[in-house]
Amino acid sequence: MKFSPPLQGIHLSFSPEGRHRWLVFGLVVLIQFAALAYVGWRWHNIYVDGIPYQWRAVPRLEISTFGTDYVRVVFPEDTTQWLDETPPEVGQQIYVAISRDASGLMKVEGASASKPDSGSDYMRAEVVSYEDGRVQFQVGFDRYRLSPEMADGIYSLRTDDSIIASIRIKRGEGVIEGIFVNGVPLEQLSNAAVMDKARAEKAGRSLFDRPHLVDSGMVPPKEE
Amino acid sequence: MRRNTNEWLDHKVTDWVSKGWITEEAREKIRKSYGRDEQRTSFLTPLPLYAFLSALGFAAVVMAVIWGLSQLWYYVSVPARMTLAGVLLLVTQAGVGLAMFQKRQGSAAAEGIALVHCLGIFVVLAMAEQTFYIGWDAASYVITCAVLCLPVVYFLCSVAALVVYDLSLLYWTASGGPVNTFGGMGLLWLLLLLAVPFYNTLIGLRDERRLSVFSWVMTITVFIAFGLAAQTTEYIPFLLLGSLAVTIMLVGYSIDIHQSWGVPFRWFGRFAAVGSLLISCLPFAWDGIAQVQNFHWTTDLVTVLLFVSMAGMMTKTVKKRLWSPALYVVIPVILAFETILVRSALYSSIPLILSSLYIVVLGVYETAQGFKPDHQAHLKFGIVIFVSVVLAFVFGTHFSPLAPILAIIVLALIVFQFRRMQKDKKTATQRASRRAKLRHSAARVRNDDALAAEEQAPEEELPVWYSPEENKPDETVEEWMKDVRIPSPAELGLGESGIEASSDTNSSKAGSVPANTTDSPMVFTLSVPAESTENDFVPPRQVIRETTEAVPQQMAVSQEKAKEKSPAVTESPWSHMKPEPKRKKHFTQSPWSHQGGKSE
């Protein structure tokens with residue numbers, strides 16, 4: 001029987017009986033382990049080296065058949081001005097330029113299909129919708145790991161509570177370090193005494209006296 | 001006993017061994033070869049109830065375990081999670097390595113191990129991504145897993161893993177993965193190309209079954225991926241589609257026509273090529289091309305590469321089957337020409353008319369092919385082409401007066417071709433029936449010849465030495481001999497018995513008529529007397545008239561028959577002549593018979 005390859009001049013093939021098959025197999029094993037290790041290293045790298053930001057957030061319970069070990073985090077400030085001429089498509093990956101406002105919170109400057117040229121920091125996000133020059137986006141870091149029994153504390157949140165997510169950003173990728181409600185970590189949300197104390201302190205302070213979650217020393221100076 | 005069963009095969013093989021056709025060793029090999037079928041049939045038998053219930057129970061237990069683990073998952077530390085992931089990956093890799101070590105590539109076990117390995121990669125990577133969460137991008141996750149699963153396709157020659165790889169690519173494309181990835185659509189084609197060398201691996205292993213699966217899976221994947229990718233583009237890339245389709249079709253034509261794995265390449269290629277041409281018959285498709293703003297380097301580069309591939313295959317591998325591939329190779333050439341016209345701002349009706357006319361040509365060609373025996377698929381394809389053209393004209397364009405004219409031309413061509421094919425078919429049938437007669441046995445042929453000879457034979461039976469070929473007028477005969485009329489034995493009053501009698505009685509006077517012409521070829525020899533030849537010279541004509549014994553009898557007979565058989569075409573003055581009076585036969589002795597001392 002005649003077995004002629006379609007492209008006779010091209011002899012791209014891998015023989016399972018070849019001499020170097022074990023070498024190739026070993027290489028593939030290493031690559032697969034490297035891929036696994038890279039996922040962990042990437043997260044750790046952002047967590048350690050990322051630039052810290054504080055961004056307003058709202059935690060939501062995640063509904064799942066098997067239960068989860070995290071809560072969903074929604075960032076209300078998810079709409080900004082589209083800086084490019086060509087309108088984006090839904091699902092397209094975009095770059096959201098960020099900075100800090102006077103209170104030290106993260107401020108969204110605008111979004112573009114390309115990375116900001118000015119060297120300012122940015123977040124990688126996905127387009128949810130676009131209308132009249134304004135784009136709604138969604139960032140990737142939208143989960144916060146939380147014990148299932150502590151997650152029920154979300155029900156006790158009030159609309160006037162100040163909820164801030166502490167995040168770290170590096171090369172567009174982000175990691176949520178913690179979520180604070182009136183300065184109290186989300187893990188202590190079930191502790192009614194601590195929460196009441198925090199709410200009372202918040203009511204007694206004026207807007208300008210409100211302390212930031214992180215020291216000013218941690219915030220890098222603005223780039224010229 | 002039912003035919004085509006293992007029992008029947010056993011019986012037949014044993015019979016062959018007893019007849020000595022095959023050896024015992026060959027019998028064992030044959031039995032071994034169809035033993036797989038036995039396993040397969042037993043596998044396909046209905047599962048017993050307890051096995052079904054066991055599977056159901058096992059699934060329920062697994063679900064419960066997963067649910068329990070999910071409740072405890074938060075309390076599993078990060079290092080423990082990663083260790084678990086690493087161990088899982090190592091186990092599946094060890095399975096692959098063991099299968100390689102035992103050289104079980106291409107077996108059912110290898111397929112299972114490859115699938116488990118793929119599943120392991122998906123699970124392990126999901127565990128890592130969920131633990132170190134920076135955002136869940138399903139498309140990125142799936143494409144990473146697909147790339148990591150690809151090596152096992154080659155290691156274990158697994159088409160199951162190939163299916164996983166192709167499905168992952170399709171999911172990635174459908175979820176918009178190429179849009180957000182470096183390289184975009186180019187990366188998709190590159191990832192598809194990574195699976196192509198597996199074809200050569202299977203060719204090396206001579207695994208026909210997997211080759212078929214490979215060709216079907218890859219062809220379908222390529223076209224679905226193309227369709228999904230085209231959804232996100234701002235125009236319909238039918239030039240790229242046409243080039244890709246014809247390239248795939250030529251790959252199919254490069255494969256031996258009798259091999260099953262070439263079928264999907266050829267047919268999917270044909271369909272897609274005609275599809276691209278059909279799209280180019282619609283005005284809105286050209287509007288999209290005209291409105292393209294930027295120069296698409298990736299698309300153009302891929303198109304050029306496909307053209308080079310087509311040229312290479314046409315000149316090297318597609319030699320024997322020229323016409324059909326050549327007709328389809330024209331499609332991308334036409335589309336490229338039309339694209340250049342449109343992109344050069346020479347937008348007119350030329351692309352639409354050219355594409356429409358050529359698709360009609362293809363339709364006629366495929367329909368005509370369909371009238372050949374065992375080419376019904378081409379007929380159906382031709383009909384589909386025509387129906388598609390009509391639908392495209394009706395729904396895709398504004399009604400044009402060109403349409404009915406075109407339809408009339410097409411119908412006329414079809415009718416003309418149909419009649420021609422019928423005529424050819426009739427001629428071929430007649431020829432085949434004639435040939436079929438020639439295929440009979442020698443005995444049958446002899447009988448037929450005998451019957452034909454009986455039919456052709458005159459009422460009066462010809463003598464056994466009669467040979468029609470020898471009765472033809474001989475050009476080498478001397479002129480004076482042509483006028484000689486030699487009476488037949490009947491005229492001479494010599495029947496067969498008479499001849500025999502005369503030969504017996506007058507053997508000394510007359511040369512005997514040979515009983516068998518083949519045994520004793522007749523040679524007419526004149527015995528010239530040794531003495532007084534000059535004085536007793538008799539003109540040959542006279543002598544021959546009178547001495548019938550020495551003349552070959554077939555010559556006489558033929559002249560008689562020639563006179564009877566050939567009627568006068570024109571009225572000859574000789575036709576009114578009275579028949580020659582019957583001469584009285586004189587059986588005189590030859591003057592030569594007394595000379596030379598040969599006879600008394």
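**View 1. The buried residues of helix 4 of chain B.** Ala85(B), Leu89(B), Thr92(B), Gln93(B), Gly95(B), Val96(B), Ala99(B) and Met100(B) are the buried residues of helix 4 of chain B. A residue is buried if 20 or more other C-beta atoms lie within 10 Å of its own, exposed if 12 or fewer, and partly exposed in between, with C-beta atoms placed from the backbone. Helices (H or I, at least four residues) and strands (E, at least two) are DSSP runs, numbered from the N terminus. This is a predicted model, in which local features need pLDDT of at least 70, side-chain atom pairs count only at pLDDT 80 or more, and totals for chains, interfaces and linings use all residues. Residues are numbered from 1 along each chain as its sequence is written, while chains are lettered from A and ligands numbered from 1 in the order in which they are written.

The expected span is 1.5 Å times one less than the number of residues. The cover over its buried residues includes helix 1 (21-49) of chain A. Helix 5 (108-131) and helix 6 (138-155) of chain B are also part of that cover. Just after the helix, Lys103(B) has a positive phi of about 55°.

**View 2. Helix 4 against helix 5 in chain B.** The axes of these two helices come within 9 Å and cross at roughly 165°. Axes are lines fitted to C-alpha atoms, for helices over the stretch in contact, and angles run from 0 to 180 degrees between N-to-C directions. The pair is therefore roughly antiparallel. Angles under 35 degrees count as roughly parallel, over 145 as roughly antiparallel, 65 to 115 as roughly perpendicular and the rest as oblique. The crossing is left-handed; that is, the near helix is turned anticlockwise from the far one by less than a right angle, and clockwise would be right-handed. On helix 4 of chain B, the contact residues include Val78(B), Arg81(B), Met82(B) and Leu88(B). On helix 5 of chain B, they include Ile113(B), His117(B), Gly120(B) and Met127(B). Two residues are in contact if their C-beta atoms, placed from the backbone, lie within 7 Å. By class, the residues of this contact are 15 nonpolar, five polar and one charged. Ala, Val, Leu, Ile, Met, Phe, Trp, Tyr, Cys and Pro count as nonpolar, Asp, Glu, Lys and Arg as charged, and the others, Gly among them, as polar.

**View 3. Helix 7 of chain B.** This helix holds 16 residues, 159-174. Its end C-alpha atoms are 22 Å apart, in agreement with the 22 Å it should span at 1.5 Å a residue. Its buried residues include Tyr165(B), Asp166(B), Ser168(B) and Trp172(B). Gly176(B) follows the helix, with a positive phi near 80°.

**View 4. Helix 13 meets helix 15 in chain B.** Helix 13 (residues 283-290) and helix 15 (residues 323-343) have axes that come within 9 Å and cross at roughly 60°. The two helices are therefore oblique to each other. Their crossing is right-handed. Trp286(B), Ile289(B) and Ala290(B) of helix 13 make the contact with Thr339(B), Val342(B) and Arg343(B) of helix 15. These residues are four nonpolar, one polar and one charged.

**View 5. Around Val13(B).** Val13(B) sits in helix 1 (residues 6-19) of chain B. Val13(B) is partly exposed, with 18 C-beta neighbours inside 10 Å. Leaving aside neighbours within four places in sequence, Val13(B) is in contact with Arg27(B), Ile30(B) and Arg31(B). Ile30(B) is 17 residues away along the chain, and its C-alpha lies 8.0 Å from that of Val13(B).

**View 6. Where chain A touches chain B.** In this interface, 39 residues of chain A are in contact with 46 residues of chain B. Helix 1 and strand 11 (173-181) of chain A each supply at least two residues of the chain A side. Helix 1 of chain A gives the most, with 13 residues. The chain A side divides into 19 nonpolar, 14 polar and six charged residues.

View 7. Arg171(A) lies in the loop between strand 10 (163-170) and strand 11. Arg171(A) is not a glycine, yet has a positive phi of about 50°. Asn182(A) lies in the loop between strand 11 and strand 12 (184-185). Its phi is also positive, near 55°. Arg171(A) is partly exposed, with 15 other C-beta atoms within 10 Å, whereas Asn182(A) is buried, with 20.
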